[in-house]
Amino acid sequence: MTALVSESRFPDPDRAYRALIDAHRGLSDQDSAALNSSLVLILANHIGDQGVLEEAIALAKQSLERSSPDRS
Amino acid sequence: MSTRRTLYQFGYRRCPDQDRPSPARHPVVVVGAGPVGLCAAIDLAQRGVPVVLLDDADRIGEGSRGICYAKRTLEILDRLGVAQPCLEKGVTWKIGKVFQGNDLLYAFDLLPEGGHKMPAFINLQQYYLEHALVARAAEMPNLDLRWRNKVVGLSHRNEGVTLTVDTPDGPYDLEAEWVVAADGARSPLRGMLNLSFQGEVFEDRFLIADVKMKGDFPPERWFWFDPPFHEGHSALLHKQPDDVWRIDLQLGPHADAEAEQKPERVLPRLRQMLGHDSFSLEWVSVYRFQCRRLERFVHGRVMFAGDAAHQVSPFGARGANSGIQDAENLAWKLALVIKGAAPESLIDTYDLERSAAADENIGHSTRSTDFIAPRTAQELRFRNAALALARHASFAKRMVNSGRLSMPSTYETPLSTPDRDTWSGSLRLGAPLPDAPMRAQDGRPVWLLEALGGEETILHVPNGDSRPEGSRVLVIGEDLMDEHGHFAERFDATPGSTYLVRPDQHLAARWRQAAPDLVKRASLRLRGVDA
Ligand SMILES: Cc1cc2nc3c(=O)[nH]c(=O)nc-3n(C[C@H](O)[C@H](O)[C@H](O)COP(=O)(O)OP(=O)(O)OC[C@H]3O[C@@H](n4cnc5c(N)ncnc54)[C@H](O)[C@@H]3O)c2cc1C
């Protein structure tokens, strides 16, 4: 089983991040959420590995706990 | 609201057990004459075990429930002698189509391969299936079907169970060495043993209607996400015999079940869907679906099967199909134990194998129901994203889930002897054998599964050595001719290949070259005898 890679992989991470931002510019929150949903499905399929997907979900959940301001 | 009247009415008859001074003792009592109890009772009786079958009702056909019966179920029904009337009456189908709005997203073919006796699926009102089973049961001298015999009490004794049975003439007691509890989703027997039935309830309500009309839709399963006639929800249309169509409409979580069943609500909905009003309503009901199961299916001498043991939502047609597979799994084991040919512990493998099957079915059914009825705004977004992507990207089609239709389970079980050789082909260890068209010695065409029947069998491809030894051996090329090569292909057969088949037609062991002691050990192992 391949493990989730959490070290940086893009030669230019700023550009990659920017591509995501650009994709959402001008979208309503609704449309942004829809776009993200499609993106997640596409990228998950590209990864094509249940183990990696589950690790990614776990990592994302961990960061959610830290970043949510309205959590008591 | 139901306009349908009772289709078949059976009479209560007083039986001699009611007049005995002390309770009669029977090897097996099956409780519940639904599809599962009937199949279990017929299978046991066919295996030479006398059976008493009790049902609290005396009629069939007031409501409609199951309609889709899968290939493996039909193969089992064939062995029980009832597939023919079902096939004659039923609508054979294998194509499913999934639409979003007005557009076809994709179509699937459930059995693209020829050379099988049974089709992928037939649709048939459950009451026709039950009627065929009751007719078969009536032919069997060792099957005693007692209508209006309601089990109201159960107590375990050493080596058996005492049942208290209520009848129009009052109650009587029965003793059974073994009890099969096939008394449906509300299972009173489960209650009598204080067993919990746990799982998930889905919030959404669904309207299920059977509509009679002359339609020119093909015999395919059509499923819509967000159709123009029922915006924001899902719909299903599926053909049954007698010009009856099953319609299934998602209503959402807040629908009022009572109000939705009223003709003034139902008829306009259906009119909108069908585009006309030349139809009549056969039956309508509103459901909230559940997926739940008993933790264990075997409790002392009481074995639960079918809806009494596990319940699923109808997407995927896994209820009756899996219940009938429970019945088949249990019948041969119980017959061997009762005859003293296997240890009592063989019954534990019923729990093991069919629990795993129930988990598989519940998993599929839960995932389908969640896809069809998303619970949160984000679940809905993912669902809609998958649907939208399915138009452009093939991976997303496989994520679209309108119900994964019932398939038999492959058992990972101590009864199997692990493979030592490598195999290709469609045959799997622990799975039911694929069928194949063969010829018997006398030239008559025969299907492989017909030839197997319900006995433990060794299939052997000759290689010049002597035949393997076993209670029953069929040699390919001598007893059965593989004219079209389907057997060779599906079983990856080469000279010397030997297959040990369980009485339920699942594969227990296989060898490229079979040493007699290995075959013997595998045969003991499949009967649960330590070897
Ligand atoms: C809308 C709908 C659609 C469905 N579609 C499909 C489908 O397409 N394919 C599929 O495979 N499944 C389908 N199912 C599921 C299927 O109907 C059930 O899984 C099936 O009926 C279960 O059979 P059973 O014999 O376990 O229980 P039941 O059919 O419920 O039979 C139980 C029997 O036990 C009797 N009984 C109860 N208590 C007692 C007692 N105390 N004493 C004596 N007798 C008693 C009852 O009278 C009854 O006859 C569908 C279900 C629904 C609701």
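## Helix 1 and B:Q46

B:Q46 is part of helix 1 (residues 35-46) of chain B. The model is predicted. With a relative accessibility of 31%, B:Q46 counts as partly exposed, since that value falls between the 20% and 50% cut-offs. Leaving aside residues up to four places away in sequence, B:Q46 touches B:R79, B:L80, B:G81, B:R136 and B:M140. With B:R136 there is a side-chain to side-chain polar contact of 3.0 Å.

Helix 2 (residues 71-79) of chain B is mostly covered, with eight of its nine residues buried. The buried residues are B:K71, B:R72, B:T73, B:L74, B:E75, B:I76, B:L77 and B:R79. B:D78, at 21% relative accessibility, counts as partly exposed, because the limit for buried is under 20%. Just after the helix, B:G81 has a positive phi of about 85°; B:G81 is also one of the residues touched by B:Q46.

A network of salt bridges links B:D43, B:R47, B:K71, B:R72, B:E75, B:R79 and B:E328. A further salt bridge joins B:D78 to B:K117, where the closest N and O atoms are 2.7 Å apart. B:K117 sits in the loop between strand 8 (103-109) and strand 9 (121-123) of chain B and B:D78 in helix 2, so this pair ties together parts that are 39 residues apart in sequence. B:K117 is partly exposed, at a relative accessible area of 25%.

## Other salt bridges

Over all chains, the whole structure contains 47 salt bridges. Among them is B:R521 with B:D517, with 3.3 Å between the closest N and O atoms. Both residues belong to helix 14 (residues 516-526) of chain B and are four residues apart, about one turn of the helix. In an α-helix there are 3.6 residues a turn, so residues three or four places apart point the same way. B:R521 is partly exposed, with a relative accessible area of 43%, and B:D517 is partly exposed, with a relative accessible area of 43%.

B:D442 and B:R444 form another salt bridge, at 3.4 Å between the closest N and O atoms. B:D442 is exposed at 59% relative accessibility, while B:R444 is partly exposed at 47%.

## Buried arginine B:R301

B:R301 occupies the loop between strand 19 (298-299) and strand 20 (302-304) of chain B. Its relative accessibility of 9% makes it buried. Apart from residues up to four places away in sequence, B:R301 touches B:H156, B:E159, B:G160, B:V161, B:E177, B:W178, B:V179 and B:E344. The side chains of B:R301 and B:E344 are joined by a polar contact of 3.2 Å.

## Ligand surroundings

The ligand has 30 residues around it, of which B:D55, B:D56, B:R65, B:Q126 and B:D307 come nearest. An N or O atom in the side chain of B:Q126 lies 2.7 Å from a ligand oxygen.

## Interface with chain A

Eight residues of chain B are in contact with nine of chain A. Together the two chains bury about 760 Å², 76% of it on carbon and sulfur atoms. On the chain B side, B:R381, B:F382 and B:F395 lose the most area, together 58% of what that side buries. Helix 10 (residues 377-390) of chain B gives the most to this side, with six residues. By class, the side has six nonpolar, one polar and one charged residues.

Between chain B and chain A there are zero salt bridges, and one residue pair is in polar contact across the interface.

Technical notes. Residues are numbered from 1 along each chain as its sequence is written. Chains are lettered from A and ligands numbered from 1 in the order in which they are written. This is a predicted model: local features need pLDDT of at least 70, side-chain atom pairs count only at pLDDT 80 or more; totals for chains, interfaces and linings use all residues. Side-chain values use heavy atoms; hydrogens and water are left out. Helices (H or I, at least four residues) and strands (E, at least two) are DSSP runs, numbered from the N terminus. Buried means under 20% relative accessible area, exposed over 50%, partly exposed in between (1.4 Å probe, protein chains only). A polar contact is a pair of N or O atoms within 3.5 Å; within protein, one must be able to donate a hydrogen and the other to accept it, and residues adjacent in sequence count only if both atoms are side-chain atoms. Contact means heavy atoms within 4.5 Å. Buried area is the accessible area (1.4 Å probe) that two parts lose on being put together, summed over both. A salt bridge is a side-chain nitrogen of Lys or Arg within 4 Å of a carboxyl oxygen of Asp or Glu. Ala, Val, Leu, Ile, Met, Phe, Trp, Tyr, Cys and Pro count as nonpolar, Asp, Glu, Lys and Arg as charged, and the others, Gly among them, as polar. A residue is near a molecule or strand if one of its heavy atoms lies within 4 Å of it.
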